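Student: Could you take me closely through one part of this model, with the cut-offs behind each term spelled out?

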Amino acid sequence: AIEEIKDFYDKISVPVLTVMGNHDANRNGNSNPNACLSDQDINKLMYAHNPSGTHPSNGGDFAYIDDGKHKVRYISFYFAETDEVSSEVIDSIDRAVTSLDADWSVVLLSHAYWHYAHPGDAPYAKPEAKQLAAKLLDIQAHSDATIVLWHVGHIHRDKHNLLSDGQGNHILVVSTNCDAYGKSTCWGGLAMSKGTVTEQVVEIVQIDKDKVYLTRIGAGKSRSFPI
């Protein structure tokens, strides 16, 4: 597993900010804990390949990197889909956003995605979902910088939601269909045909002052959302 991770990163020549997901761990179905990499071990391997200027903390569960030219801060944070986000990670997000002035934009990146659903709905919806959304909206409310996008994974399908506190603060949340044909129908994903351009999904994200553009290559359609 370690060698596969190293081989993957060795092929990438552009800056990468990683976010661990449940498919990156080898503990599922593994009854021997000595044969498993811990979350901290996996994060350490991933962040070892991140560009200089990356600021990881909390055992790798939080990190950020700045695009100083365009004044965008990219923040990644990890939490298991069946757990709530730790207070330490929330505090780290708070500090990373509130330390910026109004000229800056923020993009959040995480794996799990609960909050689009009502508690009790699949997949993995829990009461903590609303608590997480409320905490992030509170950070937005007392920050000068703008959180323009929260890009998430885990559910293997195209979806979006606008979180709002009813007081003028909102955060756009977007997920993208699974990229590989083998998982194309997971959680009601897009129809994909092996051997055609639709067997893959790649989404190019562009952000300007008032809109987020997601240009689709492969299955599905391009999307855009106002900020």
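Tutor: Ile204 is found in strand β7, residues 201-207, where strands (E, at least two residues) are DSSP runs numbered from the N terminus. This is a predicted model, in which local features need pLDDT of at least 70 and side-chain atom pairs count only at pLDDT 80 or more, while totals for chains, interfaces and linings use all residues. Residues are numbered from 1 along each chain as its sequence is written, and side-chain values use heavy atoms, with hydrogens and water left out.

With a relative accessible area of 40%, Ile204 is partly exposed, that is, between the limits for buried (under 20%) and exposed (over 50%), with a 1.4 Å probe and protein chains only. Together with Val202 and Ile217, Ile204 makes a nonpolar surface patch of about 240 Å²; patch residues have over 30% relative accessible area and no salt bridge, and nonpolar side chains (Val, Leu, Ile, Met, Phe, Trp, Tyr) are joined within 5 Å. A salt bridge here is a side-chain nitrogen of Lys or Arg within 4 Å of a carboxyl oxygen of Asp or Glu, and the areas come from the Shrake-Rupley method.

Strand β7 belongs to an open sheet of 3 strands in the order β7-β8-β9, with antiparallel pairing; two strands pair if DSSP finds at least two bridges between them. Because β7 and β9 (223-226) each have a single partner strand, they stand at the edges, and one side of each is left without a neighbour in the sheet. Strand β8 (residues 211-218) is joined to β9 by 4 bridges, the two running antiparallel, and Val212 stands opposite Phe225 in β9.

Notes
Patches are made of residues with over 30% relative accessible area and no salt bridge: like charges are joined within 9 Å, nonpolar side chains (Val, Leu, Ile, Met, Phe, Trp, Tyr) within 5 Å. Accessible areas come from the Shrake-Rupley method with a 1.4 Å probe; for residues, only the protein chains shown count as cover.
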